[in-house]
Amino acid sequence: MTMTVHEAVARRRTADRTVLLEASDVTMRFGGLTAVNNVSLKVHYGEIVGLIGPNGAGKTTFFNCLTGLYKPTSGRVALEGEKLPPKPRQVVAAGVARTFQNIRLFHNMTALENVMVGMYCRTKANAVDAILRLPRHRAEERAATKAARKWLAFVGLTPAADVLSRNLPYGDQRRLEIARALATSPKLLLLDEPTAGMNPNETRQAEELIFRIRDLGLAILVIEHDMRFIFNLCDTVSCLVQGEVLVCGTGAEVQSDPRVIEAYLGSPQLEDEDDA
Ligand SMILES: Nc1ncnc2c1ncn2[C@@H]1O[C@H](COP(=O)(O)OP(=O)(O)O)[C@@H](O)[C@H]1O
Ligand SMILES: [Mg+2]
């Protein structure tokens, strides 16, 4: 089921304007290469923010700075006004979850077990205890299983609960990664190219899923190359080029900005969109 433009606009208007995540002047250098250069970006509660830019622009590196995988060379990242620690586990505990450009699942675990791994940052038991099914953790495990099944249902993967994740079709693996991220009870979900490699039908489903996630009250920051997807979905969009924010604005503003068009000139993604 796809949403009409009207519904999408109505949802955008109701977005709460309080700042959830604020990145201020984030810079990340690797030796002599400045991958992210003084990037500032805000995500408000209930908002869907897009991050676009050519390959190598620094989008994934910026995500890594937000999620504690990298400690930025300089700059500050705050969630609800509190500085985020540069440790992935603590960032997840603070309420920021993500998916990866290259899917990262536990390939020899079932879909359900993958989602349960996400639950354990919120329970006292650790994942090893749970997977070994130690008796003292059985009650918690039952609760976690129930919640994990709920997230699988939410992303439409109930029939795949007992399938090893490596045997799932590609689009299902992407949805499973989202379910695992949701199981950590985030306030903000970061998606790195969630529709890469998907067919148009799967892309539409992903779009619908992202709107449903927002309707749960989460904010979303999404990297994507599919322009139609981004501009349909996002309240605001930032375009990153060579590590710097080139333009930030509404979808309409960014889409029509000559600097953005120039940055993408010759890019097959945009040519595809023009042809469609
Ligand atoms: N760990 C790293 N070490 C050195 N260079 C890196 C590292 N990660 C990314 N880069 C470089 O930073 C730049 C931005 O990469 P990336 O953030 O992956 O771009 P994007 O996601 O926008 O395609 C690229 O030039 C890339 O080669
Ligand atoms: Mg990337």
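Student: Is the crossing of α4 and α6 left-handed or right-handed?

Tutor: This is a predicted model, in which local features need pLDDT of at least 70, side-chain atom pairs count only at pLDDT 80 or more, and totals for chains, interfaces and linings use all residues. Residues are numbered from 1 along each chain as its sequence is written, chains are lettered from A and ligands numbered from 1 in the order in which they are written, and side-chain values use heavy atoms, leaving out hydrogens and water. A crossing is left-handed if the near helix is turned anticlockwise from the far one by less than a right angle, and right-handed if clockwise. For α4 and α6, the crossing is right-handed.

Student: At what angle do helix α4 and helix α6 pack?

Tutor: Helices are DSSP runs (H or I, at least four residues), numbered from the N terminus. Axes are lines fitted to C-alpha atoms, for helices over the stretch in contact, and angles run from 0 to 180 degrees between N-to-C directions. Helix α4 covers residues 111-119 and helix α6 residues 138-154, and their axes are 9 Å apart. The packing angle is about 115°.

Student: Why is α4 described as roughly perpendicular to α6?

Tutor: Angles under 35 degrees count as roughly parallel, over 145 as roughly antiparallel, 65 to 115 as roughly perpendicular and the rest as oblique. The description of α4 and α6 therefore follows from their angle: roughly perpendicular.

Student: Which residues of α7 make the contact with α8?

Tutor: Helix α7 (residues 170-182) and helix α8 (residues 200-215) have axes that come within 11 Å and cross at roughly 10°, so α7 is roughly parallel to α8. Contact means heavy atoms within 4.5 Å. On the α8 side are Glu 202, Gln 205, Leu 209 and Ile 213, and on the α7 side Gly 171, Arg 175, Ile 178 and Leu 182.

Student: How far apart are the axes of α4 and α7?

Tutor: The crossing of these two helices, α4 and α7, is right-handed. They pack at an angle of about 35°, and the distance between their axes is 7 Å.

Student: Which residue has a polar side-chain atom 2.6 Å from an oxygen atom of ligand 1?

Tutor: A polar contact is a pair of N or O atoms within 3.5 Å. A backbone N or O atom of Ala 57 lies 3.1 Å from an oxygen atom of ligand 1, and a polar backbone atom of Gly 58 is 3.0 Å from an oxygen atom of the ligand. The side-chain atom at 2.6 Å belongs to Thr 61.

How values were computed: Polar contact = N/O pair within 3.5 Å; in protein donor to acceptor, adjacent residues only side chain to side chain.
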